[in-house]
Amino acid sequence: MPLIAVLPGDGIGPEVTTQARRVLEALGLDLQFEEAPVGGAGYLAHGRPLPEPTLALAKRANAVLFGAIGDPRFDALERRLRPEAALLGIRRELGLFANIRPATLLPGMEGASSLKPEVVQGLDIVIVRELTGDVYFGEKGRRTNVEGLRQGFDLMSYNEAEVERIVRVGFEMARRRKHKLCSVDKANVLETSQLWRDVVNDVATEYPDVHLTHMYVDNAAMQLVRAPKEFDVIVTGNLFGDILSDQASMCAGSIGLLPSASLRAWSGDNGMYEPIHGSAPDIAGQGKANPCAAILSAAMLLRHSLENEEAARRVEHAVATALANGARTADLGGSLSTDEMGDAVLRELR
């Protein structure tokens with residue numbers, strides 16, 4: 001029986017993961033669920049954001065359903081004890097180097113996008129983000145410089161093996177879609193990005209059927225607003241991917257609609273699945289959160305870790321149908337509560 005580790009986390013995390021779990025349970029599959037605290041909740045329970053029992057559960061599970069982390073009550077703690085440290089720790093400990101973030105504008109949601117309907121209608125792109133390198137994991141700290149001023153530093157670093165493995169994920173994704181891949185970097189000023197581009201070009205020789213383009217990250221940000229449908233698959237580093245995927249979410253209508261998968265293998269292996277939105281402490285506990293991103297993350301869990309494409313499509317169809325029928329939470333201009341949106345999706349589950 002597959003074991004799903006449920007790590008609700010902080011803020012609205014418990015609310016949205018509850019709805020995702022309801023949908024998984026309604027599928028009638030033989031699944032086992034086990035819950036554990038993480039983030040601020042982990043710190044309150046065990047004195048650390050990623051408690052040992054939580055990490056042990058994540059390691060033995062077939063997949064991890066993750067909520068959100070972050071709580072301003074812990075902002076004064078040293079960095080290793082803040083909720084966000086748990087997310088980086090799980091990625092590192094599970095070897096989850098590939099983050100898959102689809103941005104799809106579902107039918108009927110054109111009015112929710114911040115862009116003109118004709119610009120975003122039919123939008124369907126995927127951002128493949130490297131997840132265990134870059135400035136988030138490089139050497140960091142503070143010091144006093146020669147002028148006596150306080151100075152912070154974060155080292156951006158990749159080696160060629162780290163770049164190659166994520167780039168291959170991008171090429172394989174492109175082969176499954178429209179055979180178009182855009183690699184995003186800042187090679188005109190960053191040596192790290194120049195290495196990235198060199199490795200991308202080396203790997204490209206093995207994928208002659210994929211049309212490869214390169215784009216600087218500032219231009220990519222502009223093009224995502226100007227003509228987002230010109231993209232299909234984007235592959236990029238950790239920092240740039242973090243920023244661009246949030247930008248893409250607004251093209252698709254709301255960050256409350258976008259799921260993600262963090263993987264170490266394409267399928268049949270332990271992965272972590274989470275909405276890309278944060279913990280939203282300002283609305284936590286009010287029943288206002290949109291659970292669709294968490295529910296769609298559960299669909300990705302079914303597809304990649306459990307290799308159940310049929311069930312994944314059932315969940316995605318249920319979300320799309322509920323939205324097409326007018327189900328809306330506050331972020332989409334509606335009035336449904338988190339529970340009511342979950343109910344709307346469950347009614348459409350076939």
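Tutor: Helices (H or I, at least four residues) and strands (E, at least two) are DSSP runs, numbered from the N terminus. This is a predicted model, in which local features need pLDDT of at least 70 and side-chain atom pairs count only at pLDDT 80 or more, while totals for chains, interfaces and linings use all residues. Residues are numbered from 1 along each chain as its sequence is written, and side-chain values use heavy atoms, with hydrogens and water left out.

Student: How far apart are Glu309 and Arg313 in helix H11?

Tutor: Glu309 and Arg313 are four residues apart in H11 (residues 309-324), so about one helical turn separates them. Their side chains meet in a salt bridge at 2.9 Å, N to O. A salt bridge here is a side-chain nitrogen of Lys or Arg within 4 Å of a carboxyl oxygen of Asp or Glu.

Student: Why can such side chains pair?

Tutor: Side chains of opposite charge can pair when their charged atoms come close.

Student: Which residues are linked with Glu309 and Arg313 in a network?

Tutor: Arg303 and Glu316 are linked with them in a network of salt bridges.

Student: Is Arg313 buried or exposed?

Tutor: Arg313 counts as exposed because its relative accessibility is 53%. Glu309, at 31%, is partly exposed. Buried means under 20% relative accessible area, exposed over 50%, and partly exposed in between (1.4 Å probe, protein chains only).

Student: How many salt bridges does a search of the whole structure find?

Tutor: The search finds 22. One of them joins the side chains of Arg177 and Asp124 at 3.5 Å, N to O. Arg177 lies in the loop between helix H6 (160-176) and S8, and Asp124 lies in strand S5 (residues 124-130), so this pair ties together parts that are 53 residues apart in sequence.

Student: What about Arg73 and Asp71?

Tutor: Their side chains also meet in a salt bridge, at 2.8 Å, N to O. Arg73 is exposed because its relative accessibility is 60%, whereas Asp71, at 14%, is buried.

Student: Changing topic, how many residues of H10 are buried?

Tutor: Twelve of its 13 residues are buried, so H10 is mostly covered. Among them are Cys292, Leu296, Met300 and His304. H10 covers residues 292-304 and reaches 18 Å from its first C-alpha to its last, close to the 18 Å expected. The expected span is 1.5 Å times one less than the number of residues.
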